[in-house]
Amino acid sequence: MSGFKLNRRKFLGASAAAGSGLILSGCDQFDFLGQRDNQVRAVLEQANVLTYQVQRRLIGAQTLAREYSPSEIRQGQRPNGSTNPSTAEYSALRAADFANYKLTIKGMVEQEVSFSLAELRNMPARSQITRHDCVEGWSCIAKWTGTRLGAVLDMARVKPEARFCVYHCYDNIQTSLAGDILYYESSDLIDAYHPQTILAYGLNDQTLPVANGAPIRVRIERALGYKQPKYVHTIELVDDLSPFGQGKGGYWPDNGYDWYGGI
Ligand SMILES: Nc1nc2c(c(=O)[nH]1)N[C@H]1C(S)=C(S)[C@@H](COP(=O)(O)O)O[C@H]1N2
Ligand SMILES: [Mo]
C-alpha cells in the first residue's frame, strides 16, 4: 500500500508543481480519493485510525523527537510543495516584509487573539535541531526557532470541548475550476501542546525564508513533512474536522494520506 501511496503522491506532486491546474476528479485512477463515501477510500481510512491508535500507544504523549547537534546540519532545508505563494493576500504581506502579518487563534477559545510577527518574536523562544522527513523520500536536518504553540494557545484559553487545531495557510497548493485550493493541516491537542511544537520564524539562525513558509510555519516534530504547515495565518480550535476541505483534516489527508502522519 505504501508503494501505491508514493506513486500517487509523485503523480499529484508533479502536477501541482507544474501548476497545471489539474482537477483531481478529471483523472479516473485517482478520483475516488476525492469522494468522501468511496469504499476504497474508507478502507484506507480504517488503516489511518489504526496507525494513530498504535502510535499513540507506542510513543507516550510527551515523548520528544530526537534532537541533533549543529554539526549534523549538512545542507539547507530543501524547499518543497508551495515555495512562492502567489495569492494576492500573501503577495501584499510579503511586499511589506510581513509588517502587517497577524496570526489569529480562533474557534473554540474563550478569547480570540491575534499576534503580529514582532509580538510572536518577543515571546519566549525555543530552538531545536530536528530531522524533517518527507514522504517523497528525502530528509533534512535543520535548526528551527520559534514560540511554543502551547503558550500561545493558553493566551486564547482553549475551551474544554476543543479537540483539534486546524492550521490555515495562505498558499494555493492547487487550482481547480472551482477556484483555489488552499493548503491546510490539523493536529490533535496532544501534538499542539507538545513541548517541541513551535510557531517557527527562524531557520538555521536566519529569518525563515519564503520558500520554507515565512513568516510563520508550524513544526510538529513527531510528524511527517506534510504535517508541517507553512504560511500559517489562522489556527482554529475545533471538535470536528469534517467541515474543512474534503473532511479529512488536511490537504494531503484529503488526497489519501494518513491524517496522523507520525514518524
Ligand atoms: N502551506 C504549505 N505547507 C506545507 C506544504 C505546502 O505545500 N504548503 N508542503 C508540505 C510538505 S509535503 C513538506 S515536505 C514540507 C516542506 O517544507 P520545506 O519547504 O520547509 O522543506 O512542508 C509541508 N507544509
Ligand atoms: Mo513532504
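Reply: Start with Pro 215, which is buried because its relative accessibility is 4%. Buried means under 20% relative accessible area, exposed means over 50%, and partly exposed is in between, with a 1.4 Å probe and only protein chains counted. This is a predicted model, in which local features need pLDDT of at least 70, side-chain atom pairs count only at pLDDT 80 or more, and totals for chains, interfaces and linings use all residues. Residues are numbered from 1 along each chain as its sequence is written, chains are lettered from A and ligands numbered from 1 in the order in which they are written, and side-chain values use heavy atoms, with hydrogens and water left out.

Pro 215 sits in the loop between β8 (206-207) and β9 (217-219). Helices (H or I, at least four residues) and strands (E, at least two) are DSSP runs, numbered from the N terminus. The peptide bond leading from Ala 214 into Pro 215 is cis, with omega near 0 degrees. What does Pro 215 touch, leaving aside neighbours within four places in sequence? Its contacts are Tyr 90, Phe 98, Tyr 101, Leu 117, Ala 200, Tyr 201 and Leu 208. Contact here means heavy atoms within 4.5 Å. Leu 103 is 112 residues away from Pro 215 along the chain, yet their C-alpha atoms are separated by 9.7 Å.

Take Phe 98 next. Phe 98 lies in the loop between α3 (88-95) and β1 (102-107). Its phi is positive, about 65 degrees, although Phe 98 is not a glycine. Phe 98 counts as buried because its relative accessible area is 7%. Compare Arg 157, in the loop between α5 (149-156) and β5. Arg 157 also has a positive phi, near 55 degrees. But Arg 157 counts as partly exposed, because its relative accessibility is 44%.

Now Tyr 101, another contact of Pro 215. Tyr 101 is among the residues with the most contacts inside the largest nonpolar core, which has 42 residues. A nonpolar core is a set of buried Ala, Val, Leu, Ile, Met, Phe, Trp, Tyr and Cys residues joined through side-chain atoms within 4.5 Å. Strand β5 gives the most to this core, with five residues. A second, separate core has eight residues, including Phe 164 and Trp 259.

Follow Thr 145. Its place is in strand β4 (residues 138-148). Thr 145 is buried, because its relative accessibility is 16%. Ala 200 and Tyr 201 are among the contacts of Thr 145. Pro 215 touches Ala 200 and Tyr 201 too.

Move along to strand β9, which holds Arg 219. Is Arg 219 buried or exposed? Arg 219 is buried, because its relative accessibility is 1%. Its side chain makes a polar contact with the side chain of His 132, at 3.0 Å. A polar contact is a pair of N or O atoms within 3.5 Å; within protein, one must be able to donate a hydrogen and the other to accept it, and residues adjacent in sequence count only if both atoms are side-chain atoms. Arg 219 also touches Ala 200 and Gln 228, among others.

A polar backbone atom of Gln 228 is 2.9 Å from a nitrogen atom of ligand 1. A polar side-chain atom of Asp 171 lies 2.7 Å from a nitrogen atom of ligand 1. The protein covers 100% of the 530 Å² of accessible area that ligand 1 has on its own. Accessible areas come from the Shrake-Rupley method with a 1.4 Å probe; for residues, only the protein chains shown count as cover. In total, 23 residues surround ligand 1, and Arg 217 and Lys 230 are among the closest. A residue is near a molecule if one of its heavy atoms lies within 4 Å of it. Strand β5 brings the largest share of this shell, three residues.

End on β5, with Cys 169. Cys 169 is buried, because its relative accessible area is 2%. Lys 230 is among its contacts.
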